Amino acid sequence: MWREFREFAMRGNVIDLAVGIIIGAAFTTIVNSLVNDLIMPPLGLLIGGVDFSNFFVTLKGGSHATLEAAKAAGAVTMNYGLFINAVIRFVIVAFAIFILVKQINRLKTEEPAAEPPELPRQEVLLAEIRDLLKARA
């Protein structure tokens, strides 16, 4: 059983998957910083200096000025501002993956189309006879 596990773990696909997960985790950190630190502050400033992460609706537990205060008080909230941040993060990640896949596809070299095989002599002769008969009619 140990040998089978070792063979499975050392397959190329498993190693590639592990590398992809590690790079994905690092990329997530970068995207989160991009959204939270670079995109959302100017966007919030454009709409009146509002922090998107503090957009929420209190369902139960009274009124609170910030999301942190509502959570500290144990209020039940719908955090649509955090959802907006998550959607923006998703769009950025999806666009980055799109660009990456597009570039990888550009780097792939297309194999030239194989030439069709030569027809047997019988078929060539039959095609010539057919063409001669068509020309007579």
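What follows is a short chat about a predicted model of one protein chain.

User: What does the secondary structure of the chain come to?

Analyst: Five helices and two strands. This is a predicted model, so everything here is computed from it. Along the sequence the pattern reads α-α-β-α-β-α-α.

User: Of the contacts between residues at least 6 apart, how many join residues at least 24 apart?

Analyst: 40% of them.

User: Switching to α4. Is Asn85 buried or exposed?

Analyst: Buried. Its relative accessibility is 5%, and the cut-off for buried is under 20%, so Asn85 falls below the limit. Asn85 is part of helix α4, which runs over residues 80-107.

User: What does Asn85 touch?

Analyst: Leaving out residues up to four places away in sequence, Asn85 touches Val35, Asn36, Met40, Phe52 and Ser53.

User: Which helix holds Asn13, the other Asn on my list?

Analyst: Asn13 is in helix α2, residues 12-46.

User: Buried or exposed?

Analyst: Asn13 is exposed, because its relative accessible area is 61% and exposed means over 50%.

User: How far is Asn13 from Gly81?

Analyst: Their C-alpha atoms are 38 Å apart in space. In sequence, Asn13 and Gly81 are separated by 68 residues.

User: OK, surface now. Which residues form the nonpolar patch?

Analyst: Val57, Leu59, Val76, Met78, Tyr80, Phe83, Val87, Phe90 and Val91. Together they have about 880 Å² of accessible area.

User: Which elements supply at least two residues each?

Analyst: Strand β1 (57-60), strand β2 (76-78) and helix α4.

User: Which one gives the most?

Analyst: Helix α4, with five residues. Val87 is found in α4. It counts as partly exposed, because its relative accessibility of 37% lies between the 20% and 50% cut-offs.

User: Next, salt bridges. How many does a search of the whole structure find?

Analyst: One. Asp131 pairs with Arg130, and the closest N and O atoms are 3.3 Å apart.

User: How exposed are Asp131 and Arg130?

Analyst: Asp131 is partly exposed at 41% relative accessible area. Arg130 is also partly exposed, at 46%.

User: What about helix α5, how many of its residues are buried?

Analyst: Zero of its 16 residues count as buried, so α5 is hardly covered.

User: And why does its length agree with what 16 residues should span?

Analyst: At 1.5 Å a residue, α5 (residues 121-136) should span 22 Å. Its end C-alpha atoms are 23 Å apart, so the two values agree. The expected figure uses one less than the number of residues.

Key. Residues numbered from 1 in each chain as written. Predicted model: local features only at pLDDT ≥ 70, side-chain atom pairs only at ≥ 80, totals over all residues. Heavy atoms only, no water. Helix = DSSP H or I, 4+ residues; strand = E, 2+ residues; numbered from the N terminus. Buried < 20%, exposed > 50% of the residue type's maximum accessible area, 1.4 Å probe, protein only. Contact = heavy atoms within 4.5 Å. Salt bridge = Lys/Arg side-chain N within 4 Å of Asp/Glu carboxyl O. Patch = residues over 30% accessible without salt bridge, like charges linked within 9 Å, V, L, I, M, F, W, Y side chains within 5 Å. Areas by Shrake-Rupley, 256 points an atom, 1.4 Å probe, with all protein chains shown as cover.
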